[in-house]
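Dear colleague,

Please find the structure below, handed over for your attention.

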Amino acid sequence: MRSTFHSKTDENGDLNQYWYSAKTCQVLCAAVKESMSLKGGGVRVAFLSTPSLFFSLDEEERKQCILFDFDRSLSLGTCSSQFEFYDYNNPNNLDATLHGKFDVIVIDPPFISQSVWVNYATTAALLGVKDGAHIICTTVEQNEGLMKRLFNSKVMNFQPSIPKLIYQYNTYANFQSATLSTINPELE
């Protein structure tokens, strides 16, 4: 099953873009919805460098979400209030009206180095609500300690399928997720 996003949007190697499989998008979006439910009403979600997830939600669900991404071509698939240009090299360069507004933050940087993750953590700290945002991240196993330190996140059972990526990612979250406690049958 391919989403409209998957069928219409090519990965851009120059931007180190690799899309999750459509099935993985379903599970990760279900985890986002689970988190939203746990957080209660009026929840807002920030998708940092995760367009395949953002566009896997339907239009109604995306109304409470913003995609933060470097690739401005992605803004064409949504209304202007749902896209913010984001450059992880300038993690503080965000619209101040968005500070402290997001209950759920989903992160998948284009690079897995510590310095890049520190920048994303800086951004997440600015965007997250003051009582603590739920964080969902995907990265390599070697970054487990870093995810714990930056986001107080634990490795989850669910591993995303990213078909064109040469190494396997894990999923990390700073909240208990029944959705992410499952095994991905794509990888069995």
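**A buried serine, and what surrounds it**

S153 counts as buried, because its relative accessibility is 2%. Please note from the outset that this is a predicted model. S153 sits in the loop between helix 6 (144–151) and strand 6 (154–155). Leaving out residues up to four places away in sequence, S153 touches I135, M147, K148, Y172, A173 and N174. N152 is found in that loop between helix 6 and strand 6 as well. The phi of N152 is near 55°, a positive value in a residue other than glycine. As background, most residues other than glycine have a negative phi.

**The chain as a whole**

The protein chain contains 6 helices and 7 strands. Along the sequence these follow the pattern α-α-β-α-α-β-β-β-α-β-α-β-β. Of the 188 residues in the protein chain, 49% are buried. When contacts between residues at least 6 apart in sequence are considered, 62% of them join residues at least 24 apart.

**The nonpolar cores**

Which residues touch the most other members of the largest nonpolar core? In this core of 30 residues, they are V32, V45, F47, L53, V106 and L180. Two or more residues each are given to this core by helix 2 (22–39), strand 1 (45–48), helix 3 (51–54), strand 2 (65–69), strand 4 (104–107), strand 5 (134–140) and strand 7 (169–173). Helix 2 gives the most, with 6 residues.

Leaving aside its neighbours within four places in sequence, L180 is in contact with L28, A31, I136, M156, N157, F158, T171 and A173. There is also a second, separate core of 24 residues, and its members include A46, I105, V116 and F151.

**Salt bridges**

The structure holds 2 salt bridges. In one of them, K33 pairs with E61, and the closest N and O atoms are 2.9 Å apart. This pair links distant parts of the chain, with K33 in helix 2 and E61 in helix 4 (residues 59–62), 28 residues apart. K33 counts as partly exposed because its relative accessibility is 38%. E61 is likewise partly exposed, with a relative accessible area of 23%.

In the other salt bridge K63 pairs with E60, and here the closest N and O atoms are 3.1 Å apart. Are the residues of this pair buried or exposed? K63 has a relative accessibility of 60% and therefore counts as exposed. E60, at 54% relative accessibility, also counts as exposed.

**Two further serines in loops**

S49 is found in the loop between strand 1 and helix 3. The phi of S49 is near 60°, which is a positive value in a residue other than glycine. S49 has a relative accessible area of 13%, so it is buried.

S56 lies in the loop between helix 3 and helix 4. With a relative accessible area of 28%, S56 is partly exposed; the cut-off for a buried residue is under 20%. The C-alpha atoms of S56 and A22 are separated by 8.0 Å, although the two residues are 34 apart along the chain.

The last topic is empty space inside the model. Rolling a probe the size of a water molecule over the atoms shows where such space is left. How many cavities of 30 Å³ or more does a search of the whole structure find? The search finds 1. The largest cavity has a volume of about 30 Å³. Its lining is formed by F85, Y86, D87, N90 and N93. By class, the lining residues of the largest cavity divide into 2 nonpolar, 2 polar and 1 charged.

**In brief**

In the loop between helix 6 and strand 6, S153 is buried, while N152 has a positive phi.

Yours sincerely

Terms used: Residues are numbered from 1 along each chain as its sequence is written. This is a predicted model: local features need pLDDT of at least 70, side-chain atom pairs count only at pLDDT 80 or more; totals for chains, interfaces and linings use all residues. Side-chain values use heavy atoms; hydrogens and water are left out. A nonpolar core is a set of buried Ala, Val, Leu, Ile, Met, Phe, Trp, Tyr and Cys residues joined through side-chain atoms within 4.5 Å. Buried means under 20% relative accessible area, exposed over 50%, partly exposed in between (1.4 Å probe, protein chains only). Helices (H or I, at least four residues) and strands (E, at least two) are DSSP runs, numbered from the N terminus. Contact means heavy atoms within 4.5 Å. On a 1 Å grid over the protein atoms alone, a cavity is a set of points where a 1.4 Å probe fits but cannot get out, and a pocket is an open set with protein on both sides within 12 Å along at least five of seven lines; lining residues have an atom within 4 Å of a point. Grid points are joined across faces, edges and corners, and a volume is the space filled by probe spheres set on the points. Ala, Val, Leu, Ile, Met, Phe, Trp, Tyr, Cys and Pro count as nonpolar, Asp, Glu, Lys and Arg as charged, and the others, Gly among them, as polar. A salt bridge is a side-chain nitrogen of Lys or Arg within 4 Å of a carboxyl oxygen of Asp or Glu.
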